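Hi,

Here is the structure I promised to send over. Have a look at it first, and then read on for what turned up.

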Amino acid sequence: MRTAFITGATRGIGREVARQLKAAGFQVFISGRDATLLKTLQAELDCPGLVVDLAEADAAIGLFAAARQKLGQVDVLVNNAGFNRAKNPIARISARELDDSYAVNVRAPILLAREALQEMATRRSGHIVNVISSIVHARMENYSVYTTMKHALHGFTGCLTKEARLVGVKVTGIYPGGVNTTFRSNVRPDYIRPESAARMITQCITAPDDVVVHELIYRPLCETNF
Ligand SMILES: NC(=O)c1ccc[n+]([C@@H]2O[C@H](COP(=O)([O-])OP(=O)(O)OC[C@H]3O[C@@H](n4cnc5c(N)ncnc54)[C@H](OP(=O)(O)O)[C@@H]3O)[C@@H](O)[C@H]2O)c1
């Protein structure tokens, strides 16, 4: 049975990816910060998981070790956890906001990918999926911090794709447009449903063995920022 470790699985896109991979026959390990939501999904999927705040660098490394220990080996890592809390004009950006966003949106997925790549390289198989954003292909006022961090993850993912290929590991960068999740405070019924956003990711993970999807960009029809 293939295994998958999904971050940010307590809600939104990550929760649906966990559900869909479980339904596809994967043994899953899930994480997030909200203990109640994590416990509820663990009960639903009958799977292991761990509450971890990925803002802590050491916690990210410990989280990978826990996933590996529970799953035996991690065949698929889905680096999905992320946030865009403050939408400030550049004049109001704070150093704290930059650091907080960097820790979760950039440093954590890089450290988790590093841990995963080392383990996967020994088996010359595996798949690392980084959930980035279509913001990388757009420009928006008041999104500078989030855009900067997702560009960083995009750059890292490109390098990871090259290095991972040498050791037989697949890498996919996912670039969704607007998805109607708790990511933003307002409800957006015109955006992609989290189930649909996750379906696109699951399809990359369950693609035939002889295919690697390097990049997947998708948006709701209402978006014109391309
Ligand atoms: N929604 C969109 O329109 C959209 C578009 C493009 C890309 N994305 C990306 O897609 C990914 C998932 O977003 P979503 O829409 O599903 O958002 P969401 O509904 O807000 O879910 C975010 C998930 O990330 C977790 N998370 C956030 N900060 C964390 C931290 N410090 N430590 C550990 N986990 C943390 C949350 O855990 P807790 O809730 O338990 O804290 C939650 O499970 C993100 O990387 C986001 O940037 C979203």
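A quick word on classes before anything else: Ala, Val, Leu, Ile, Met, Phe, Trp, Tyr, Cys and Pro count as nonpolar, Asp, Glu, Lys and Arg as charged, and the others, Gly among them, as polar. On that basis, the shell around the ligand is made up of 13 nonpolar, eleven polar and six charged residues. Do keep in mind that this is a predicted model.

Now the ligand itself. It has 30 residues around it, and the closest are Thr 10, Arg 11, Asp 34, Tyr 146 and Thr 181. Asp 34 also puts a polar backbone atom 2.7 Å from an oxygen atom of the ligand. For a nitrogen atom of the ligand, look at Leu 54: one of its backbone N or O atoms is 2.8 Å away. On its own the ligand has 900 Å² of accessible area, and the protein covers 95% of that.

As for where it is, the ligand sits in the largest pocket. Helix H1 (12-23) and helix H5 (144-166) are the elements that each give two or more residues to the shell.

Asp 46, in the loop between helix H2 (35-45) and strand S3 (49-51), has a positive phi near 50° without being a glycine. Asp 46 counts as exposed because its relative accessibility is 67%, and the cut-off for that is over 50%. Asn 142 is also a non-glycine with a positive phi, about 70°; it lies in the loop between strand S5 (127-131) and H5. With a relative accessible area of 35%, Asn 142 is partly exposed.

Cheers

Key. Residues numbered from 1 in each chain as written. Predicted model: local features only at pLDDT ≥ 70, side-chain atom pairs only at ≥ 80, totals over all residues. Heavy atoms only, no water. Near = heavy atom within 4 Å. Polar contact = N/O pair within 3.5 Å; in protein donor to acceptor, adjacent residues only side chain to side chain. Areas by Shrake-Rupley, 256 points an atom, 1.4 Å probe, with all protein chains shown as cover. 1 Å grid on protein atoms, 1.4 Å probe; cavity = no way out; pocket = protein on both sides within 12 Å on 5 of 7 lines; lining within 4 Å. Sits in = over half its atoms within 2 Å of the grid points. Helix = DSSP H or I, 4+ residues; strand = E, 2+ residues; numbered from the N terminus. Buried < 20%, exposed > 50% of the residue type's maximum accessible area, 1.4 Å probe, protein only.
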